[in-house]
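Work through the exercises below with the sequence and the model at hand. Each task is followed by a stepwise solution.

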Amino acid sequence: MTDSMRWNTILLTILVVLGIGSSAEATPGMLGTLPHGRYVCALPGDAGGAAWRELPDASFRIENASTYRTSDGSGIYLMTGKKVVFTRGPMKGVRFERVGNSTLVRLDDDGKRTKVRCTRGGTPVSG
């Protein structure tokens, strides 16, 4: 078992004990982690201007294990299958769906996709 897998097992155990990871939404799929690096978040632009409108306040950096960092501090996320939920820190409660190796789509409170895309290392892509 790798250190990353061991950390994920420990993290899931803690989250379940705290009641954070015990919902039906959080449990399907295998635990995973996102590729490390800066995720740039943006909304689609329009035909008369830029293709994307970057949202600097929504961008974040994925660090080791299941941690992330924003300009407001750091926290922890949980990825099960294609679902990502930020469970601690400044983005607590924010949810995404992974649509590619380096792209996340933000979900609304009902779990439906929004237009916000976050892409690792650069320009957001449609998904």
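**Exercise 1.** Does R38 count as buried, partly exposed or exposed?

Solution. The model is predicted, with local features needing pLDDT of at least 70 and side-chain atom pairs counting only at pLDDT 80 or more, while totals for chains, interfaces and linings use all residues. Residues are numbered from 1 along each chain as its sequence is written, and side-chain values use heavy atoms, leaving out hydrogens and water. Buried means under 20% relative accessible area, exposed over 50%, and partly exposed in between (1.4 Å probe, protein chains only). R38 has 41% relative accessibility and is therefore partly exposed.

**Exercise 2.** Describe the salt bridge between R113 and E97, then its network.

Solution. The closest N and O atoms of R113 and E97 are 3.3 Å apart. This pair links strand 10 (residues 113–120), which holds R113, to strand 8 (residues 95–98), which holds E97. R113 is partly exposed at 42%, whereas E97 is buried at 16%. Through shared partners, salt bridges join K83, E97 and R113 into one network.

**Exercise 3.** How many salt bridges does the rule give?

Solution. The count is four.

Notes. A salt bridge is a side-chain nitrogen of Lys or Arg within 4 Å of a carboxyl oxygen of Asp or Glu. Helices (H or I, at least four residues) and strands (E, at least two) are DSSP runs, numbered from the N terminus.
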